[in-house]
Amino acid sequence: MSDKMALIPFKQLLHWVMEEYEHSGMVFGIPEEKFYRKTDGRYMELFGEAIDTPVGPAAGPHSQLAQNIIASYMSGSRFFELKSVQIMDELEIPKPCISAEDECYNTEWSTELPIMGAFEEYVKAWFILHVLQKELFKESDRRFMFNMSVGYDLKGIQSPTVDEFIEGLKDASKTRIFQECKVALLEDLGLFKHVDQTFIDRISPNICHSITLSTMHGCPPTEIEAIIRYLISEKKLHTFVKMNPTLLGYEYVRNTFDKMGYDYIQLKEASFTHDLQFGDGVEMLKRLKSFASENKKDFGIKMSNTLPVKIARGELPGEEMYMSGRSLYPLTINLAYKLASEFNGDLKISYSGGADAFNIERIFATGIRPITVATTLLKPGGYQRFKQIAELLDPLLDNQESSRLDMAKLKALAESAFEDANHIKESRDMLSRKTPLRLPLLDCFIAPCENGCPIEQDIPEYLRLVGEKRYEEAFDVIVSKNPLPFITGTICTHTCMTKCTRLDYDESVHIRGQKLVAAENGYAGYMQKVSKVDPHSSVQVAVIGAGPAGLSAAYFLTKAGMKVTVFDKRERAGGTVEFVIPDFRISREAIRKDIELVESMGVKFEFGVDPNISVADYQAKGFDYVFLAIGAGRTGNLEIQGDTERVRGAIPFLEAFNTDRGSLNLGKRVAVIGGGNSAMDAARAALRVNGVEEVYIVYRRTKDYMPADEEELAYAQEDGVIFKQLLAPVSLSNGILKCQVMELGQADASGRRSPVAKEGIYEELPVDTVLSAIGELIDYDLLKTNGIEVGEKGKIKVNEETLETSVPNVFIGGDALAGPWTVVGAISHGTKVAKAILQKEGMEFNQEFASRISFDKEKQLLEVRTKKAVLQAVRDDDKEPGRCLECNHICNICTEVCPNRANLMIPVEGEGLTNRNQILHVDGMCNECGNCETFCPYDDAPYKVKMTLFWSEKEFWDSANTGFVIIKGAPKPVVKLRLKGEILDLTFNQAGQTDGPIDGSIAAMIWTVIQQYQYLYKV
Ligand SMILES: Cc1cc2nc3c(=O)[nH]c(=O)nc-3n(C[C@H](O)[C@H](O)[C@H](O)COP(=O)(O)OP(=O)(O)OC[C@H]3O[C@@H](n4cnc5c(N)ncnc54)[C@H](O)[C@@H]3O)c2cc1C
Ligand code: SF4
Ligand code: SF4
Ligand code: SF4
């Protein structure tokens, strides 16, 4: 494996494109249904030429190689800003070089190819695009445009190689590659139905007549002006100059980031002072505008370059990286407005900076064009995202060149950027969507949401069933692993949603809400069909605690045929959910239905039992197993001086609120200490107590750091809770809560900034009652009395696989083991314990769906393919399940996000294979940018792990990847294969069999490539 890409010769490229289309209806992995076909006759004028649409790839990874440009074109790109060249021929770039998990960072956008290598890629792409336009879209007149991009200083731009590059793109007719491409096309005329010699002869050698100057950071203003004058007057090119976001000034950028939740991005102040300053920039632009007009050339600005920032969290190797994507948008659009204001809107602006399907129409409506994108294409869906972008603009095209900017629209857009939900950090927090699983060589498709769920609910299956209104079946799927569908459908912390692929599109599928839809519509029918399970074992289990953990264990054990009694000190079941969580969060009716489901299996309950548990007594009464599911009900002490009698635990308060809120007296003002879900519940409940006028949440860090779920924070805010950030309580006396003022210190390696006291600075709040919500505690005394061993830092000693304690046949789980946790976490423990007890008794633990669920697979495939790469706002109605991409049915993310098309999907039929297609990695096309690693849901990199095709033995020996090189073709193909570190020489017969010691699935994969994908390799 090496990060050097092997360039595909023109003839092979041509055959690849034509054969792939013929064979699978795709071009470089873009499926036919994602081709952008022009049907409405609308177009737009740019530099005096018509193009189908003014969008395309920004100079960067998507315009580096011929195949990248081709993939862009097929999906809707028509304005290609070719990847920049600069004097340093052949850059050594540390890899990986792209980190696009959320906002994007890269370490270099200039081409990695030698300058004339880049030139050849652009010429090859130029020819292929013409051919595809004619052959597939039957269009004779070119409706796309190439724009070259060069960087750095005048001396470099005037150097012989860069000059040859510029002149070559202005007129390529005399170049070797231009002639080679033309000859190859004429030789292969037989490949085409619509392309003929006349068409080929008419392909213009004038590839570019416009240029974008990338004045990367630190280029002196005089130099910028000199280069532009040179490009306009000497090179006779329409010229755009990239402006840097540093023009906004350090304070502006810092404040914007802090306000929008990007406080962890570390800026280099020097980048702002060394760069062109705003006033000088405006004067320069004014001079250049009139200079261009005198020279009858178009001149404008490209908004904007990326922003240099420090590498502080190990995102990429090195010290400095360049930021783009959704955090750049508020800067770029505001800089565009600021500069345009200086010209009263009489300024041509070409745009790039966080543009995507959500904002493209609004950007276009300001008169800004063309618009290029990069970050959105690095996300799942990849190039295919162009189709939606281009189609959104279709109705807005007016067959004209933009004259002036609409300043009112631009102003409104700039102002709204700071509040735009798609650009505020909070909408996608610092979470990685990766699961801890290792990536298999074959059959890798998974639904990451399932892995994010502690009980691995079959999410895509029940979402599809809900979407098809098959509610009872959906309910059946859910309760096969979860006996509390109403409770979890209402208040689950939904960690599944933190892994959802749609997070990289728009917003996670609202999975939890759809579970509730299934519960509400499937419950009645399902309950009519369930019946008590007759115990078929004499073994008896005592479950102590009727909260989520105890209920779940009891449900699964009883369902499997065991006798179970649940004991609880309280008067009814439901645990913390029933007694503590307020009814404005979850109705008691919903809780009752879940308990009825558990009861319906035949679970027995005994309430009001003695809380001084004696395990020995239970054993003496004949219980073979005891499961301690007693929660973590003790409140932690808040260390505070003064009137401590006015300090109450949040949990006892909530419990009192649920039973008799009329008798509570909290005074007028209440402060809740803490930032978790309990704190939010306590604050919202306090607001509902008679006499309370104001409730504060007091927290040591900022709101962004609060551990409560985002929606709980939002509800608290909506209810009118007042957030007091960066305060730590010190004392309460005479109705005054004195708080130490804190500030956030330096970020640690994880990006978290610790609170540090501001010496001697305090804030006082008028407060009558303090509610402490700083965490509940496990009752260790009770455990120790029963001989259960507790280790250091209060870690209870258990077998992690079974949750059995140091006392044989005594188990513990839920909050009682983990401390304050979640309902679904408690269910996962209850499930684990049930499984362990059943296994001990040699009984079957079964989580199969009761009914057999089947789907129309072809319909499903078509729907998934259509949904790919389409951004959608959340529906939260009966269309919401349709947002699910059914990732376990078809993933392919690594194929979509690879700018270089180095990961391919190949349908393979073979013994034991279950996925629709397999992933083949092509070593020669990969530059190890790392983007597929970012988005693969496994804790691995597809470019290192998936089956790799090598184009030469040298590549094979340079790599450690599992993969093969085809040494000899038909009739008896010979292959060199590396598998589990061993090298095998395999000969295949004509039936695709080999006598080598490999699995049939691997042989099938290799044979499929040899037989059906000849265009992928040369022998
Ligand atoms: C205010 C608050 C809000 C929350 N919000 C959410 C949320 O939105 N989403 C979410 O997923 N989780 C939430 N949680 C956490 C969630 O409620 C718990 O993680 C979950 O209930 C734990 O289940 P469990 O069965 O382990 O314990 P519990 O639900 O606490 O049940 C323990 C049971 O054991 C009984 N018991 C205790 N001691 C004894 C004894 N000595 N003898 C006999 N019986 C005993 C109790 O009466 C109780 O019925 C919240 C918790 C709180 C406190
Ligand atoms: S898109 Fe659907 S299957 Fe994929 S992670 Fe999200 S909910 Fe799960
Ligand atoms: S295969 Fe992965 S690492 Fe290689 S170029 Fe493609 S996205 Fe980058
Ligand atoms: S991203 Fe690629 S390698 Fe990873 S699971 Fe999806 S298809 Fe497999």
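**Helix packing, ligand shells and local backbone features**

In this predicted model, helices α26 and α27 sit oblique to each other. The angle between them is about 45°, and their axes lie 10 Å apart. Helix α26 covers residues 650-660, while α27 covers residues 677-687. The crossing of α26 and α27 is left-handed. On the α26 side, the contact is built from Ala 650, Ile 651, Phe 653, Leu 654 and Phe 657. Helix α27 answers with Ser 678, Asp 681, Ala 682, Ala 685 and Ala 686. Sorted by class, the residues of this α26–α27 contact come out as eight nonpolar, one polar and one charged.

Turning to α2 and α3, the helices here span residues 66-75 and 115-135, respectively. They pack at about 30°, with 8 Å between their axes. Since angles under 35 degrees count as roughly parallel, α2 and α3 are therefore described as roughly parallel to each other. The crossing of α2 and α3 is right-handed. Helix α2 brings Ala 66, Gln 67, Ile 69, Ile 70, Tyr 73 and Met 74 to the contact. From α3, the partners are Glu 121, Tyr 122, Lys 124, Ala 125, Ile 128, Leu 129, Leu 132 and Gln 133. The tally for the contact of α2 with α3 is 10 nonpolar, two polar and two charged residues.

Next comes the pair α12 and α16. Helix α12 (residues 329-342) packs against helix α16 (residues 407-416) at an angle of about 150°, the axes being 9 Å apart. The α12–α16 crossing is left-handed. Tyr 329, Ile 333, Asn 334, Ala 336, Tyr 337, Ala 340 and Ser 341 are what α12 puts into the contact. They meet Met 407, Leu 410, Lys 411, Leu 413, Ala 414 and Glu 415 of α16. Between α12 and α16, the contact residues split into nine nonpolar, two polar and two charged.

The model's salt bridges number 72. One of them pairs Lys 182 with Asp 201, and the closest N and O atoms of the two are 3.8 Å apart. Lys 182 belongs to helix α6 (residues 176-187) and Asp 201 to helix α7 (residues 197-201), so this bridge ties together parts that are 19 residues apart in sequence.

Ligand 3 has 14 residues around it. Cys 898, Cys 926, Cys 929, Gly 930 and Cys 932 are the closest of these. Seven nonpolar, six polar and one charged residues make up the shell of ligand 3. Around ligand 4 there are 13 residues, and those that come nearest are Cys 444, Cys 891, Asn 892, Cys 894 and Cys 936.

A few backbone details in loops round out the picture. The peptide bond running from Lys 95 to Pro 96 is cis, with omega near -5°. Pro 96 falls in the loop that joins β6 (79-81) and β7 (98-99). The bond from Ala 970 to Pro 971 is also cis, its omega being near 5°. Here the proline, Pro 971, is in the loop between β36 (963-968) and β37 (974-979). Lys 296 is not a glycine, yet it has a positive phi of about 55°. Lys 296 is located in the loop between α11 (278-294) and β12 (299-303).

Key. Residues are numbered from 1 along each chain as its sequence is written. Chains are lettered from A and ligands numbered from 1 in the order in which they are written. This is a predicted model: local features need pLDDT of at least 70, side-chain atom pairs count only at pLDDT 80 or more; totals for chains, interfaces and linings use all residues. Side-chain values use heavy atoms; hydrogens and water are left out. A residue is near a molecule or strand if one of its heavy atoms lies within 4 Å of it. Ala, Val, Leu, Ile, Met, Phe, Trp, Tyr, Cys and Pro count as nonpolar, Asp, Glu, Lys and Arg as charged, and the others, Gly among them, as polar. Axes are lines fitted to C-alpha atoms, for helices over the stretch in contact, and angles run from 0 to 180 degrees between N-to-C directions. Helices (H or I, at least four residues) and strands (E, at least two) are DSSP runs, numbered from the N terminus. Angles under 35 degrees count as roughly parallel, over 145 as roughly antiparallel, 65 to 115 as roughly perpendicular and the rest as oblique. A crossing is left-handed if the near helix is turned anticlockwise from the far one by less than a right angle, and right-handed if clockwise. Contact means heavy atoms within 4.5 Å. A salt bridge is a side-chain nitrogen of Lys or Arg within 4 Å of a carboxyl oxygen of Asp or Glu.
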